[in-house]
Amino acid sequence: MNKLRFIKDEGSEFYKELNEQIEQYFIDNGLQKTGNTKMFFKIFLYFGLDILLYTLMITSHSLFAFFAFYLLMGLSVLLTAFNVSHDAAHGVAVKSKFWNRILFSLSFNLQGNNAYVWGKNHNESHHLYTNIAGSDIDVLNNPLFRMTESQPLLWFHRYQFIYAPFLYLFYSINWFFFREILMLFKLSSRTIKVEIPRIEVVKLVVYKLLYIGYMIILPVYLLPFGWTVVLMAFLLNHFIISLLFVSVLGVAHLSDYVAHPAPDQDHKLNMSWPKLQLLTSIDYHAESRFLNWTLGGFNAHAVHHLLPNVCHVHYLNIMPIFKALAKKHRLTYMEMSYGESLASHFRFLKMMGRSEHLIPMRYEG
């Protein structure tokens, strides 16, 4: 990973004042930045739903009930990831570091994905160097998609905005079966090579086998529907999860409004880190109570990137502070409806498939 240096600009003063006012808000209200009673309720709710729906699925007596509970369980697990796993990865779901590690490890590894690999690189790469090829691990060099200017423009990229939704169906399947395995052999489409400790390699394999065991093998063994039906439910579950996951997160950083900065030869960016976060993040309905509850604050992505040490249950209350300071320091904060953010995402795909260079649209908020 290329480590970068930032400069000081208006974003630096904004960020200093933001932290001061956020700190004062929590002091004045006698609150912790970590999860509160609402967060504890969500933790028990989502883990409880995961267990309940799995139990109902594995004891189903009809084909309809089996598919319904299987898919509902998949949705519940995804919501657990949005609402619990993510905050736990940042150490803010609860106050205890130990229980944050347990919550993150359990919820992530039991999905068949390695908690160490995602957590370390999410915190140390994506959050630091958002949208910068060679530094942000979430920047892809997948030959089927052209997402960066450094990728060669091929003839079929012209149609990527059309075939993207079909390939998005396989996002979760690819993550489970290929993404981390390819990392082991340095064959990943990520622009950063990842070193995985031996113990994590063992855990990666064990949890994937365990996941296949309780999601495919056990239902085949206990239920009378046959392996083709169970495999169909497994694939359908991953298709739905993939679409929802990409729909929620894909629009946040892949938009024709956001920047994809390139450092100079000395690995220096011509902006501050806070300004980078604002220029590379799209928020949608950031003050929606429903989306904050359902998506774990992922719809307020700029706030999360700047304040990862604050649990998402506090976002609605600190959002006015954030918006007022961005306006005061004349920084562009990009917020729009979800429909607008989705349209922007597909315009980005279309632009990257037809033009060598990406020129972000000017945001008029």
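Predicted model: local features only at pLDDT ≥ 70, side-chain atom pairs only at ≥ 80, totals over all residues.
Colleague: How many residues does the protein have, and what percentage of them is buried?

Modeller: A residue counts as buried under 20% relative accessible area. Of the 365 residues in the protein, the buried ones make up 50%.

Colleague: Which helices and strands are counted, and why is the protein said to be as compact as a globular protein of its length?

Modeller: The protein has 14 helices and 2 strands. The globule rule gives 21 Å for 365 residues, and the radius of gyration is close to that value, so the protein is as compact as a globular protein of that length, with a radius of gyration of 21 Å.

Colleague: Why is the pair of Phe 104 and Phe 108 classed as it is?

Modeller: Rings pair if their centres lie within 6.5 Å, and planes under 30 degrees apart count as stacked, over 60 as edge-to-face. By this rule the count comes to 33 aromatic pairs. The rings of Phe 104 and Phe 108 have centres 5.3 Å apart and planes at 50°, so this pair is tilted.

Colleague: Where do Phe 104 and Phe 108 lie, and are they buried or exposed?

Modeller: Both residues lie in helix α4 (residues 97-109), 4 residues apart, about one turn of the helix. The relative accessible area is 11% for Phe 104 and 7% for Phe 108. With the limit for burial at under 20%, Phe 104 is buried, and Phe 108 is likewise buried.

How values were computed. Residues numbered from 1 in each chain as written. Heavy atoms only, no water. Rg over C-alpha atoms; globule rule 2.2 N^0.38 Å. Buried < 20%, exposed > 50% of the residue type's maximum accessible area, 1.4 Å probe, protein only. Phe/Tyr/Trp six-rings, centres within 6.5 Å; stacked < 30°, edge-to-face > 60°.
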